[in-house]
Amino acid sequence: MRSRTERRWLERAAQGIALVCIALLAVGERAAAPRSVRGDAWSDALGAATRLPLPALDVTVDAIPGPVERAWLVALRGAGTAVRWHAPTVLSPFAMTLDPLGTPGGGLTWRALAPRGAAVRDTAGELWKASEGGPVEATVVSGAGLALETAHGTARPPGVESPLIARRVRVVGRAGWEARFVAEALRTAGWTVESDFMVTMTPAPVGVRSASARTALDTATHAAVVLVGRDAVAPPRLGEFLRAGGGVILLGDAARHPAAAAWTPATVVGASPPLPGALASSSPRRAFMGWRLRPGDDAVVIERREADALVVARREGLGRAMVVGYEDTWRWQLEGPEGSSARYSAWWTALVASVSRAGVTSPAPAGDPVPLAAWFAALGGPEAVRATEALARPADPWLLGGALLSLVVAWLSRRLRGLP
Amino acid sequence: MSPFTFVTLQYDSGDWDSAPLVAANVIDSLARYTNLEVAPAGRVVALGSPELLAYPFAFLTGHLPVRFTAQERAGLRTWLDRGGFLFVDDHNHDVDGMFHKTAMEELAAVAGPLPKLATNHPLYRAHFRWPDGPPNTSHELNGWGDNLVHDYLRGATRGGRLAVCYSNKDYSSEWNFHPDNKRFYAIDNTRFAVNLVVYALTH
C-alpha cells in the first residue's frame with residue numbers, strides 16, 4: 001500500500017495529465033476552426049494568416065481580388081492552408097486584351113468584355129464607356145496606360161507595343177485576276193508588294209516580275225509569300241524561308257503545290273460550292289468557291305464553312321504556313337457592296353499579318369487582363385461557407401482518452417482514500 | 001480560277017459594236033502567246049449594268065459621238081474605283097473627230113485627266129516590247145483619218161495604276177479581222193493587245 005503522500009502525488013499527476021490533455025484538445029480545436037476574411041481587409045488578414053499558419057481560411061469577396069491577393073492566397077494554399085472563397089453577389093466577368101496589329105500601319109487592337117458602365121482609359125483619359133455590356137474592340141496607336149475600369153475591379157492588359165515588322169510581301173502565281181487583286185489589296189494596306197506573275201510557262205516561265213522579286217527571300221525583309229494556285233512557280237528555298245520564320249500563304253489549290261508537300265498545313269479533299277449572293281451578306285466569303293481541306297495533325301482550323309475547313313494553319317520551324325482554300329477572292333473587291341474594297345484589303349492584310357513574324361516580342365505580362373478568369377484559375381470556383389461543419393475535426397481520441405483515464409484514476413484514488 | 005474574259009462595252013449612244021471581230025482576235029492572240037486562262041468567247045456587257053463588276057477588263061470603241069447616261073457614268077466610276085481596266089480606242093483615228101472629243105470629255109469627267117503615257121511605260125513591255133511607244137497601225141501609216149501618226153497613248157490612273165488607256169490609233173480597225181487571217185501577216189499586229197491584257201492582269 002502506497003503512502004498517502006504518494007497517493008496524493010499520483011492523483012495530482014493524473015489531474016495534471018487530464019488538464020494537459022484538455023488544454024491540448026482546446027488548442028487543437030481552436031487551430032482547426034476556419035478563419036473568415038472579408039475582401040476589404042486583405043492585408044491584415046493575409047498577413048496574420050501567414051504569420052500564424054491556419055489549417056483553413058474562408059474568404060468572402062465582393063469584388064475580384066487583384067493579382068497580389070490572388071498570388072498570396074495561392075501561396076497560402078501551397079503552404080497547406082485550405083483556402084475557400086465565396087461571393088455574396090455575382091461577380092461580373094470582365095477582361096481586356098491588347099494585340100499588335102502586325103500590319104504596316106502599326107497600331108494595336110484592344111478587345112474588352114465589359115459590363116455596363118465600364119470605361120476604357122489610357123494615360124490621356126477616357127477612350128470609351130460602355131452604355132451596354134458586351135464585347136467591344138477598337139484600334140489604338142499606343143497601349144500606354146490602357147485599362148478597363150469596372151465596378152468590380154480593373155483589368156490591365158499586359159504592355160504591348162506595336163512591333164516592328166518586315167513589310168515586304170511577295171505574291172507569286174500565274175498572271176490572273178486573283179494574283180493581281182491580292183497584290184493590290186496588300187499594297188493598299190501599306191505592304192510593299194513584290195509581284196511575280198507568270199504569263200507563259202513553256203518553254204520557260206516568262207512573266208511580269210517586280211525588280212525586287214528577283215532577290216532571294218529573307219526573313220529580315222520579307223514578311224510573307226503568297227503562292228497563288230498550284231501552278232505558281234515557287235520561289236527558290238521557300239521551305240527554308242518558312243522554317244527560318246517567314247510566313248507562307250497557299251491560296252486556292254496551292255496546297256497541292258509540289259513545293260509545299262513537305263509542310264502544307266492541309267490537303268485538298270474536294271470542292272465547296274459558293275453561295276450566290278453571299279457577298280452582300282454578313283458572311284461574304286461564303287460567296288467564294290472553296291476547297292475543302294483536311295488539316296494535318298498539328299494544324300489549326302482558322303475558318304470553316306459548315307463542317308468544312310477552308311482556312312488552315314500550322315507552324316513549321318519558326319514560321320507559319322496557312323492554306324486559304326478560296327478561289328476568286330477578288331470578286332469581293334469588285335462585286336461586293338459598298339465598302340467591300342476596304343474589307344477585302346483588311347482581310348488580306350490580316351491573313352498576311354497572321355503568318356508574318358513580329359520583330360519585337362511583347363514584354364512580360366504585368367497587368368491583370370482577365371481578373372475573374374485568373375481568380376477562378378488560381379482558386380477554383382466558389383464554395384458555400386459552412387466552415388464549422390466542413391472543417392471541424394473529431395477530437396484527438398488519444399488525448400480525449402488520456403484525459404478521461406487520468407480523471408478516472410484520480411477519482412478512484414480519492415474514493416479509495418474515502419474522499420469524495 | 002476564273003479565266004480572263006474579253007468584254008466589249010455596250011453604251012447607249014454611238015456605235016459600240018463597230019469592231020465585232022476584235023474580241024475573237026485578241027482571245028486568239030492570248031492563246032497563241034501566253035498560258036493565261038482565257039474564256040474562249042468574249043462577252044458584250046452594258047456599261048451601266050452591274051454585270052460589269054464581274055469582269056475587270058473592258059474594251060470600248062466607236063466612230064460616233066459618245067454621251068454616257070448618268071447610270072453609265074456612275075457604273076463606270078465604281079468599276080474603275082474597284083480595279084477595272086478600260087481600253088478605249090477611237091475607231092476614227094482622228095483627234096478632231098467626234099468620237100475623240102466626246103469620249104475624252106466623258107472619260108475625263110469620270111476618270112480624271114488623261115495625259116500622254118511615256119514611251120517607257122510598263123504597258124509597252126508587259127509582254128512584247130515596244131521601246132518607242134505604242135505600235136503604229138496600217139491606217140495611220142496609210143495617212144487615213146487625220147493623216148497623223150499618233151505616237152502615244154493616253155491614260156488615267158487610279159491609286160497609281162493605269163485604269164483607263166485611251167488610243168487614237170484605230171486598233172479597232174487594225175484588229176478587226178478573222179484570226180485565221182493572221183497567217184498572212186509577217187508580224188502579228190495584234191500582239192499589242194496581249195500587252196494590254198497582261199498589263200491589266202499584272203498591275
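Me: What counts as a helix or a strand here?

Reply: Helices (H or I, at least four residues) and strands (E, at least two) are DSSP runs, numbered from the N terminus. The model is predicted: local features need pLDDT of at least 70, side-chain atom pairs count only at pLDDT 80 or more, and totals for chains, interfaces and linings use all residues. Residues are numbered from 1 along each chain as written, chains are lettered from A in the order written, and side-chain values use heavy atoms, without hydrogens and water. Chain B has six helices and six strands, in the order β-α-β-β-α-β-α-α-β-β-α-α from the N terminus.

Me: How is the radius of gyration of chain B read against the globule rule?

Reply: The radius is taken over C-alpha atoms, and the rule is 2.2 Å times the number of residues to the power 0.38. For the 203 residues of chain B the rule gives 17 Å; the radius is 16 Å, close to that, so chain B is as compact as a globular protein of that length.

Me: What share of chain B is buried?

Reply: Buried means under 20% relative accessible area, exposed over 50%, and partly exposed in between (1.4 Å probe, protein chains only). In chain B, 58% of the 203 residues are buried.

Me: How is the size of an interface given?

Reply: Often as the accessible area lost when the parts come together. Here that loss is computed with a 1.4 Å probe and summed over both parts. Between chain B and chain A it is about 2,300 Å², with 56% from carbon and sulfur atoms. B:Met1, B:Asn35 and B:Arg82 supply 33% of the area that chain B buries against chain A, more than any other three residues.

Note on methods: Buried area = accessible area lost by both parts, 1.4 Å probe.
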